[in-house]
Structures are given as C-alpha cells and as structure tokens.
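Biologist: Please show me the model, and then let us discuss it by question and answer.

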Amino acid sequence: MIENRKIKIAVVGCGRISKNHFGSILQLSSEYELVAVCDNNPEVLKAHSEQYGVKGYASIDSLLAEESIDVVTLCTPSGLHASQAIKAARAKVNVITEKPMATKWEDGLAMTRACDEENVRLFVVKQNRRNSTLQLLKRAADEKRFGKIHMVHMNVFWTRPQDYYDRAAWSGTWDMDGGAFMNQATHYVDLLHWIVGPIEKIHAMTSTHRDIDVEDTGVVNIKWRNGALGSMAVTMCTYPKNLEGSITILGEKGTVRIGGVAVNDIQEWQFDDERDYDADIEAANYQTSSVYGFGHPPYFQNVADVLRGKAEPETDGREGLKSLELLISTYRSARDNKEIGLPLNL
C-alpha cells in the first residue's frame with residue numbers, strides 16, 4: 001500500500017495512445033509522479049524525455065533495472081504487453097496495460113499468473129466503461145430494469161485507411177496488433193459481458209479489404225447464458241470517416257439505444273418503471289471527435305485508489321481476460337467456421 005507520497009510511474013511506449021496516459025498523469029499530479037519514459041525510437045524518446053523533464057530509456061529492461069517505480073503503464077504494441085508485464089511483475093512493479101491486454105489467450109493467462117505470483121497489481125485499461133452514457137446503461141442493467149433481455153446489437157462502423165496500417169511494420173499483424181475486433185472495437189467487445197453478462201457461445205465471420213494480415217470487417221452472432229441473443233457488426237472500411245459506435249438492448253421491460261460516433265448519444269431510453277437518474281439522460285450525452293472517450297483520467301484515479309488501499313480495481317487482469325476470451329473465441333470461430341462455446345479454459 002502506498003501512503004503519504006506520490007505514486008512513481010513510468011510510461012512505456014510513446015506512441016498514439018500514450019498522450020491519454022501522459023495527460024491523465026499530469027491531471028492527477030497530486031497522485032502521480034512521472035519519473036521516466038521508455039521508447040525504442042531515439043527521436044521519439046528524446047522528444048518525450050525533454051517534454052516531461054524525466055529520464056528516457058530505450059528498453060523496459062534498463063528502465064526496471066535503474067529506476068525505483070511503483071507502476072509502469074504499457075502503451076506499446078499489443079503483442080509486447082505480455083512479456084513486458086511479466087518483466088515488470090518480476091521486478092515487483094505494478095502494471096497498467098492498454099487494450100487489448102494480449103493478442104494470444106496463453107499470453108493473457110501468463111501475465112495474469114505472473115502478477116499473482118509476485119503479488120503485484122495488473123490493471124487493464126477499459127476507459128469506455130467510465131463514459132457517462134455507459135455508466136447509466138450499466139446502472140439500469142444492474143438494477144434489472146430490462147427484465148429479461150431478448151436481443152442485443154452493436155455496430156462499430158469506423159474507418160482506418162491504408163496509411164493508418166502503413167505507419168508501422170507491426171500494425172495490422174496477428175502477432176503484434178490484432179484486427180478490427182481486437183484493436184479498434186475491443187472496448188465494444190468488453191460491453192458484451194460487462195453490460196449483458198456471461199456468454200454461452202458465438203459464431204463469427206470476418207473479411208479483409210485493406211492490405212493487412214488481420215480482419216478489418218466482421219460479424220459475430222452471440223448467445224448469452226441468460227438466454228439473450230445478439231450480434232455485433234464491425235468494420236474499419238466506412239467511407240469517408242467514422243460513422244457509428246452503438247449498442248441497442250431490447251428487453252421485456254426496457255429498450256435502450258446508445259449511438260453517436262462512440263456510444264456518446266443516448267437515442268432511446270424507455271423503461272416500464274421510472275428512476276430519478278432518468279432525468280440525467282440529456283446531461284449524459286456529449287460531443288466527441290475522439291473514439292477514445294474521456295475515461296482515462298478517472299481510470300487512473302481508480303488505479304491510484306487501489307494502490308492506496310481505498311478501492312477495488314475496476315478492471316484487473318481477470319476482468320481483462322473476459323474480453324480477451326471473447327476476442328480469441330471470435331477469431332477461432334471465423335477461422336474454423338464453427339460455433340465456439342465458452343469458457344475456453346475448460
């Protein structure tokens with residue numbers, strides 16, 4: 001437990017998503033002290049080291065060997081998360097990892113096991129859970145306002161042009177990146193179990209239109225253990241820009257649709273009963289040009305609260321494994337053209 005001082009944190013990987021981590025650390029300056037950055041690109045490393053006035057390291061090995069830190073946050077390519085998390089755990093350092101936590105099921109299990117063995121925390125970033133619209137939906141679901149849920153549907157109609165994948169050699173690869181489901185739509189996959197509940201089985205199909213190894217388009221049919229049926233449609237080929245990120249839930253006593261470009265607009269909110277927070281629907285909606293949402297700072301606050309012994313983690317390693325399990329099941333189903341039952345590790 002960390003008391004009476006700031007939490008010493010280092011950012012590993014200074015690419016696209018890292019700005020949300022740097023911004024959260026600066027916003028929570030009463031909780032965190034940024035002590036180091038790490039990147040294997042010398043120019044990127046130098047720029048971030050100078051910008052934040054901290055020491056820079058070309059490898060996580062040298063960082064862990066030379067710095068005394070409480071937590072590392074991994075903003076590296078997804079295929080590196082497992083090995084880096086395990087290295088941090090062996091050094092008795094807590095880990096925050098960006099989504100997805102790993103690109104392989106075995107890697108996710110291994111990094112969770114390593115953190116357990118070393119008695120350090122593993123946090124998997126699921127910042128969309130903190131979006132105001134989804135917080136209301138989660139509350140309604142937890143309070144059983146839908147009654148029996150009949151059907152659920154999700155759309156992620158975004159665009160990632162070829163130059164997005166051409167920016168790095170690892171982008172659009174199975175080993176290091178993953179495709180539309182694992183990378184761009186991973187937070188929506190998370191909603192399938194976080195909002196609706198455990199899944200019984202899935203059947204998926206995928207296709208690829210860009211010049212990449214992985215899928216950029218796919219559909220998956222889903223049956224939940226509670227009897228609900230549903231589907232998810234994902235593409236990164238929408239013309240000419242991101243169009244929609246939505247979830248629709250149809251139940252015996254309620255109907256909700258949250259749309260917009262990134263589940264930021266509650267478009268239908270109808271229930272058989274009334275609750276005081278129904279009046280907060282309009283206030284929960286927000287405008288956004290970013291598909292990331294605004295959940296990183298509150299997520300980092302939860303991490304700080306956990307490390308200080310004041311809260312339980314919102315998404316730890318095991319919670320992160322639930323999404324990874326759905327992702328791996330989707331890919332196996334599409335590859336083998338068969339229905340996949342869950343859980344995988346039975």
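This is a predicted model: local features need pLDDT of at least 70, side-chain atom pairs count only at pLDDT 80 or more; totals for chains, interfaces and linings use all residues.

Modeller: Residues are numbered from 1 along each chain as its sequence is written, and side-chain values use heavy atoms, with hydrogens and water left out.

Biologist: How many helices and strands does the chain have?

Modeller: Helices (H or I, at least four residues) and strands (E, at least two) are DSSP runs, numbered from the N terminus. On that basis the chain has 12 helices and 14 strands.

Biologist: What is the radius of gyration of the chain?

Modeller: The radius is taken over C-alpha atoms, and the globule rule is 2.2 Å times the number of residues to the power 0.38. For 346 residues the rule gives 20 Å, and the chain comes close to that value, so it is as compact as a globular protein of that length. The radius of gyration is 20 Å.

Biologist: What percentage of the residues of the chain count as buried?

Modeller: Buried means under 20% relative accessible area, exposed over 50%, and partly exposed in between (1.4 Å probe, protein chains only). Applied to the 346 residues of the chain, this gives a buried share of 58%.

Biologist: Among contacts between residues at least 6 apart in sequence, what percentage join residues at least 24 apart?

Modeller: A contact here means heavy atoms within 4.5 Å. Among the contacts in the chain that span at least 6 residues, the share joining residues at least 24 apart is 69%.

Biologist: Which parts of the chain does the aromatic pair of Y32 and F300 tie together?

Modeller: Rings of Phe, Tyr and Trp (its six-membered ring) pair if their centres lie within 6.5 Å; planes under 30 degrees apart count as stacked, over 60 as edge-to-face and the rest as tilted. Y32 and F300 are edge-to-face, at 6.0 Å centre to centre and 70 degrees between the planes, and both residues are buried. Because the two residues are 268 apart in sequence, the pair ties together strand 2 (residues 32-38) and helix 11 (residues 296-307).

Biologist: Where do W174 and Y331, the partners of another aromatic pair, lie?

Modeller: These rings are edge-to-face, 5.0 Å centre to centre with 90 degrees between the planes. W174 is partly exposed at 43% relative accessible area, while Y331 is buried at 11%. The pair ties together parts 157 residues apart in sequence, since W174 lies in the loop between helix 7 (162-165) and helix 8 (180-184) and Y331 in helix 12 (residues 317-336).

Biologist: Which residues form one aromatic cluster?

Modeller: The count by the ring-centre rule comes to seven aromatic pairs. One cluster is formed by F146, W269 and F271.

Biologist: Is helix 9 largely enclosed or open, and how many of its residues are buried?

Modeller: Helix 9 covers residues 186-196, and its buried residues include H187, Y188 and W194. Just after the helix, G197 takes a positive phi of about 125 degrees. Helix 9 is largely enclosed by the rest of the structure, because its buried residues number 11 of the 11.

Biologist: Which peptide bonds are cis?

Modeller: Most residues other than glycine have a negative phi, and most peptide bonds are trans. P240 sits in the loop between strand 10 and strand 11 (244-251), and P343 in the segment after strand 14 (340-341). The cis bonds include the one joining Y239 and P240, with omega about -5 degrees, and the one from L342 to P343, with omega near 5 degrees.

Biologist: What phi does N337 have, and is this residue buried or exposed?

Modeller: N337 lies in the loop between helix 12 and strand 14, and is among the residues in contact with H203. At 56% relative accessibility N337 counts as exposed. Although it is not a glycine, its phi is positive, at about 55 degrees.

Notes: Lists of a residue's contacts leave out its neighbours within four places in sequence.
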